[in-house]
Amino acid sequence: MKRTVILLAAACIAGTAFAQTMNIRTGSVTTAVAAAQAGDMTYANNGTELTVMGKTFNVSDIDKIYVDDSTIEDNTVSISYNGAAAEVVVAGNIASHLTTTVDGAYVTIVQDADVADEITYTLSGASSDGAFTMDGELKATVVLDGVSLTSNRGAAIDIENGKRIAIVVNDGTTNTFADYATGAQKSCFFVNGHAEFTGEGTINLTGNAKHAYRSDEYTQLKKSFAGTINVLASAGDGLHVEQYLEMNGGTLNVSNVAADAIDVAATNDLTDEFNGQMFINGGTIIATAEGGDVKVLKADADIAITDGALTLTATGAGSKAISTKGALSISGGKVEALSLGGVYNDGLADEAKPNSIKSTGVITISGGEVYSVATNKAFNTDVTSKGFVINGGTVMGIGGKASADATGSQTIRTTSGYKVTAGATVTYGGVSYTLPESYTRTSIYIVASTNN
């Protein structure tokens with residue numbers, strides 16, 4: 001037997017219309033149904049089931065049904081964290097396509113394959129024992145609206161959806177995430193698909209188990225991203241990006257990492273666009289890597305820097321400020337690359353020496369300002385013929401060993417014979433740096449060029 005319930009779509013008082021929303025609450029999840037969309041609501045199976053907008057509820061699971069004058073936007077989900085609990089509000093037009101599970105402050109939402117329109121998830125509030133997990137087959141938007149999550153089970157943010165995920169960091173908000181130290185997760189903040197960041201807020205990340213941030217496809221910081229991503233600490237890479245990284249705005253601060261600060265790895269699909277590449281077209285990067293043989297900027301293929309302000313400091317033995325398995329091109333911006341850790345030793349393999357800028361391809365500088373200091377090579381390329389080309393910009397390198405042949409048609413001027421003793425101070429760009437006491441080489445090479 002079926003029974004049909006009708007909800008009045010609107011009430012008119014003194015000539016004014018008021019919107020109505022019917023809220024169906026089951027546990028920590030509220031399905032918000034706009035009255036104008038509700039249509040017929042059917043009881044079935046002797047009144048044990050209620051179906052609204054295609055979503056069937058077991059009546060025994062319903063805590064309450066109430067009507068208010070709130071409004072709900074289609075294709076939206078809001079998650080509000082409050083200590084050990086979380087409240088989820090789902091728009092009625094998509095409720096039948098979502099499986100929502102709330103366990104304390106751990107929220108998991110799975111979109112079915114029939115979702116036709118992009119869903120926006122908005123996260124707010126705080127929990128020291130909670131997380132957000134989402135999966136599906138369609139692109140989505142995740143809005144960070146002042147949310148703080150520490151997970152005691154795995155990742156704090158786990159987006160398994162393999163499509164485009166827009167990450168909107170609401171203006172003026174601070175959003176902080178930390179993951180479970182002994183978990184098997186890939187990172188504190190994980191996106192299985194490709195992530196695109198916009199907004200003007202702040203994200204703080206602590207990767208206790210492995211990486212602080214990871215995406216298994218490309219990550220873009222859009223021109224409209226004017227916010228800040230702070231990697232406060234990481235047991236692995238600060239940012240680990242598969243396919244490619246493109247930075248057009250915003251600020252990246254990376255410190256206290258056990259591995260590389262920013263690492264772009266090629267995927268297994270060799271047909272993927274820009275596979276293994278890094279593009280820096282604007283914004284600010286202040287990043288440090290302190291371990292042995294680690295890199296501040298690392299890419300499996302080419303790195304191209306066209307604009308931005310980069311301060312890259314590597315302090316461990318064998319560490320590198322910039323390391324790429326492809327070519328490096330710098331045509332604008334300001335790049336300060338420092339690799340001041342470790343002892344220069346002719347008996348060490350080249351990878352164990354602290355090269356500041358290392359490329360297996362050609363290093364080309366055609367604009368901007370490039371300052372490179374290392375206790376081994378300021379610039380190091382595996383290309384034996386014209387592997388280091390300067391045809392513009394301002395370049396200065398200070399290193400324990402020459403990195404390129406100054407003869408031929410390259411516009412490089414080399415001056416040798418300067419003496420730098422252990423603990424001496426070098427100054428460039430208005431900033432002074434003291435070479436470590438372990439710096440034992442006595443001669444340095446300075447490469448300087450403008451447009452001549």
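**Close-ups of rings and charges**

**View 1. Charges over tyrosine rings.** K64 has its charged end over the ring of Y66, 5.0 Å from the ring's centre. Here, a charge sits over a ring if NZ of Lys or CZ of Arg is within 6 Å of the ring centre and within 35 degrees of the ring normal. R153 does likewise with Y106, lying over its face at 3.8 Å from the ring centre. A quick note on what you're looking at: this is a predicted model, where local features need pLDDT of at least 70, side-chain atom pairs count only at pLDDT 80 or more, and totals for chains, interfaces and linings use all residues. Residues are numbered from 1 along each chain as its sequence is written, and side-chain values use heavy atoms, with hydrogens and water left out.

**View 2. F177 meets F189.** A search of the whole structure turns up nine aromatic pairs (Phe, Tyr and six-membered Trp rings with centres within 6.5 Å; planes under 30 degrees apart are stacked, over 60 edge-to-face, the rest tilted). In this one, the ring centres of F177 and F189 are 5.6 Å apart and the planes are at 80°, so the pair is edge-to-face. Both F177 and F189 are buried (under 20% relative accessible area; exposed is over 50%, partly exposed in between, with a 1.4 Å probe and protein chains only).

**View 3. F274 meets F279.** With centres 5.2 Å apart and planes at 75°, the rings of F274 and F279 make an edge-to-face pair. F274 counts as partly exposed at 37% relative accessibility, while F279 counts as buried at 17%.

**View 4. A ring cluster.** F177, F189, F197, Y213 and F225 are linked into a cluster by ring pairs.
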